[in-house]
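Okay, thanks for coming, everyone.

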Amino acid sequence: MSRHRVTGQLLAEPGTEVNQVQGRNADEALADLLGHTELERLYSMVLAFPRATDRLLSERRVPDPVVRYTLRAETALRLDRPREAMTLASGAVDHAVQEAPVDPGRLLPAATILADAAVVAGAPDAVRSCIDLADLAGQFGDEHRAAVAAGLHAVAVYQQESCRQAAHLLDRLGRGCTDSGIAAAIALACDTVTVCCASRDQPHWPPATLPVITSGGLVQSALTPLFLPDRFQRWPGIHDCPLTSSSTRSLV
């Protein structure tokens, strides 16, 4: 799925240009790798060099507050600073909703990161944030981000309420999905819940790697297969599944 459109003057003209690589073919290869515009290059840097990007995302470099706060939130989340990401994404949402007319291509990425950051942080209001995102995606007819919201909602329910209910939400989402890529991602998420339930008697060790980049944000709009499995493993679940200790050991 292509990235959603972001309107308005996004980036200030940089003071210095990126060093030119000798030869037209080398220039094209570098552009294909890092992006043809400064915004695309920032997307690539959030993924590969989040600490350096964190220093670059100044008001001078990105004067548009919606884009700046959104990218800073994605960078903070990538650096495993979800509470900071929540604050930044909330700022992006506040700016986006004040625009007339409201542009869903600007509002929804910020709202998606806000919900995702709440899930990664294990925030008490994570379930509510995911429901709010689902309502917003439905209002604007964004099927992709509605699926992201539903998946994150299942993660938040798994963390705070019930693994069985989370599995039910994923199953319902998978059965109603018409996009093959989203369906595959949901199937992998279902498998992850099964594995987590099977190992529920073992100590929970959160992933040592930085969080997978947000699906449905500015940097990565498509729902990647590893996104929901990563989120399910960030916090232990509330297990009310019917597995016995003996069956659990047999599945591990």
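First, a disulfide here means a pair of cysteine sulfur atoms within 2.5 Å. Bear in mind that this is a predicted model: local features need pLDDT of at least 70, side-chain atom pairs count only at pLDDT 80 or more, and totals for chains, interfaces and linings use all residues. Residues are numbered from 1 along each chain as its sequence is written, and side-chain values use heavy atoms, with hydrogens and water left out.

Take Cys-196: its nearest cysteine sulfur belongs to Cys-197, 7.0 Å away. Cys-196 is also buried, at 15% relative accessible area. (Buried is under 20% relative accessible area, exposed is over 50%, and partly exposed is in between, using a 1.4 Å probe and protein chains only.)

Now the backbone. Most residues other than glycine have a negative phi, and most peptide bonds are trans. Asp-80 isn't a glycine, yet its phi is positive, about 65°. You'll find Asp-80 in the loop between helix H4 (65-78) and H5, and it is partly exposed, at 39% relative accessible area. Helices, by the way, are DSSP runs of H or I, at least four residues, numbered from the N terminus.

Last one: the peptide bond from Ala-100 to Pro-101 is cis, omega near 0°. Pro-101 sits in the loop that links helix H5 (82-97) and helix H6 (104-121).

Terms used:
Helices (H or I, at least four residues) and strands (E, at least two) are DSSP runs, numbered from the N terminus.
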